[in-house]
Amino acid sequence: MATTKTDPKLSVGSGSRKAKVYEGLSREQLIQAYRLMYTSRRIDDREILLKRQQKIYFQMSGAGHEAVGVAAGLALKPGYDWFYPYYRDRALCLTLGVEPYQMFLQGVGAADDPSSGGRQMPSHWSYPSLHIVTQSSPTGSQILQAVGCAEGGRYLSRRSKGTDVPSGATDYRQFKNVSSQRDEVTYVSLGDGTSSEGEFWEALNAAALGKLPVIFCVEDNGYAISVPVEVQTAGGSISRLVSGFPNFHFEEVDGTDPMASYAAFQRAVKYCRQGLGPAFVHSHVIRPYSHSLSDDERLYRPESERERDAQRDPVTRTQLYLLREGILDDKGINQLEKEVEAELQAAVDRALEALPAAPESVMNFLFSPDVDPSSSAFDTQPAVVEASSDAKKPTTKTMADLINATLRDEMKRDERIVIFGEDVADCSREEYLRQKLVKGKGGVFKLTFGLQCEFGNDRVFNSPLAEAAIVGRATGMATRGLKPVVEIQFFDYIWPAMMQIRDELCTIRWRSNNGFSCPVVIRVAIGGYLTGGAIYHSQCGESIFTHIPGLRVVFPSNSLDAAGLLRTAIRCDDPVLFLEHKRLYRESYGRAAYPGPEYMIPFGKARIVQHGTDLTVITYGAVVPRALQAAQKLEREQGIKVELIDLRSLSPFDWDTIAASVAKTNRALVAYEDTLSWGYGAEIAARIADKLFDQLDAPVRRVAAKDTFVAYQPILEDAILPQPNDLYLAMKELAKY
Ligand SMILES: Cc1ncc(C[n+]2csc(CCOP(=O)(O)OP(=O)(O)O)c2C)c(N)n1
Ligand SMILES: [Mg+2]
């Protein structure tokens, strides 16, 4: 561990008026730094004016953070290093090459705004060619992604050959330009308040564990909106709190001083480029304008405190320094400021002329415009069935077997696939495997068994027990062109990752107007009927995810579908939530022969499990075998013929198959394992009622779990989850309606 503290007064370079170099910056670079700082401040001022004139709709200033931003930008390389800045990093972005005009385009919400095409607020940076990765608004959700980005870069630079796109590949790889630099660095910044978020700590832990080249820059302006740092951070100093993390280089610096900040960043960058580990730069800055234009800090900060801050204003201090050192005189300063004003005036005039994005474009880029996983390209036939030793029946495999086989096949085919999650490795202490002391675990359900042994621990590895970190890191890796296939051990524990899924993973392509994408596959063990799984190992909840735009959700009911859908999930270019029912992993229902390494099922294509004429039952997952049992009994006992539809993928879903069936049977029952109210079946039922009203001879009915949690005692579990008899009774009643 190395720690450097810089005296918080403005540093004076070599101390001599004639000095040529100031903490590594030449006189010309200092002038350039001042120009960038001044430009940044004046853009804020112009935006504030434009907001008051109602020509833009939001304003977030970078005022007070200019010096540290410019310093970081000068120490790092755009288009080489990677950047996850936050909303106060205007000066950083200008230094990296973003033009003032582009910033004003954000403000007016122009179609040509390169960061989002009018979809995001201003100061939510996204510039792919500079490697500035699209930013969102949740404080701190960028930090884990930065860690994943650094991991992705390291992986790519170590495997540069294997990650080439093979000629003739027809999958997401055609559309992912992977590149990396052996000594690249990932920069991520956040405010002092944001360091209270749990994801911040997960990210520091992951970066320290992996000795990853990430610079964490905390821009500490002493406030998070109105909450002062001593109420936010125990002891008032984030530096003190993080100082125990191993493998880090630490800096604490006056972030209103461009030279001291540059020196701190130079040391941090050097440490990271050498591959020694991550760095932490704690930068003390000020916030001379209120939190945003919606905030008035005079309500919670007295004049005296604000005046004290003003004494440290980085723009005025740097200007005075240039004058004092004789680097620029009054005339030079005036000239520079005039040039900046003229540039900004021209940029504002142009931006105000820019056209807004077209309303017809709002659905663009929720998903890949290039790879359509519901297309016929993903519709292949199973390979010829191999015979078992007794040469009578084909060897049938469980869902667990075929998921494992599909992962293995795809990992062989595509070196960009990495698998991680809790317990997914065979054994983290590899020497035990090498010495054949242990067999290996490969997941609590053993779905990833043998993959680490076959593909190595840089491709299959255990993560810390931190679900947000699993999804956040995967998102960062996928942004770099990798294909992370991660596991969430139980659906009941997916919630810490919800922010990463809902506000990040699924929004990235849309919010960056197709500038970035991150096609992660999240495999999740879901569902009940376990006799003893209880409330925290048995729940469903898929409709919470089908409600999210930008996410594919699939839920197979048998081995063959699991294999075909998982392969489609891996090869497509969208984020996929792949729900695996625990009860079906090793069930005798739905076993199938290994379908070969190319078998795929398109998303949004249902399977008709059995044809019928009297009633349509629409279901999926573990309710499929239960509904089949009920339908067979109904036919045996009452002669009623049920058409049973297994949706297989829930978003998109196969409306055409539902509509054709209901047109034939005139009756529809939607059955699902999740709780009844507000569940997945509500949408299907509403759609049928809306679009097929004239075809119906009976109301649309639903059978689902009771609106409670799944209980431990099997008698209670049975009463809560839909059983074959519940399905039987509902089918019978509806058929006779
Ligand atoms: C997860 C989340 N919670 C709350 C907010 C609302 N919010 C926006 S900025 C902010 C304060 C951030 O303070 P700090 O991290 O110190 O950054 P600063 O704005 O001071 O630079 C809050 C609470 C948010 N955007 N995201
Ligand atoms: Mg703050």
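In the predicted model described here, the buried residues of α22 pack against β17 (607-610), β18 (615-619), β19 (642-646), β21 (668-675) and α23 (680-691), where contact means heavy atoms within 4.5 Å. Helix α22 spans residues 655-665, and its buried residues are W655, T657, I658, A659, S661, V662 and T665; buried means under 20% relative accessible area, exposed over 50%, and partly exposed in between (1.4 Å probe, protein chains only). Helices (H or I, at least four residues) and strands (E, at least two) are DSSP runs, numbered from the N terminus. Just after α22, a positive phi of about 65 degrees is taken by N666.

D192 is placed in the loop between β5 (186-191) and α6 (198-210) and N221 in the loop between β6 (214-220) and β7 (223-224), so that the pair ties together parts 29 residues apart in sequence. Both D192 and N221 are buried.

V438, in the loop between α14 (430-434) and α15 (451-455), is partly exposed, with a relative accessible area of 37%.

Residues are numbered from 1 along each chain as its sequence is written, and chains are lettered from A and ligands numbered from 1 in the order in which they are written. For this predicted model, local features need pLDDT of at least 70 and side-chain atom pairs count only at pLDDT 80 or more, whereas totals for chains, interfaces and linings use all residues, and side-chain values use heavy atoms, with hydrogens and water left out.
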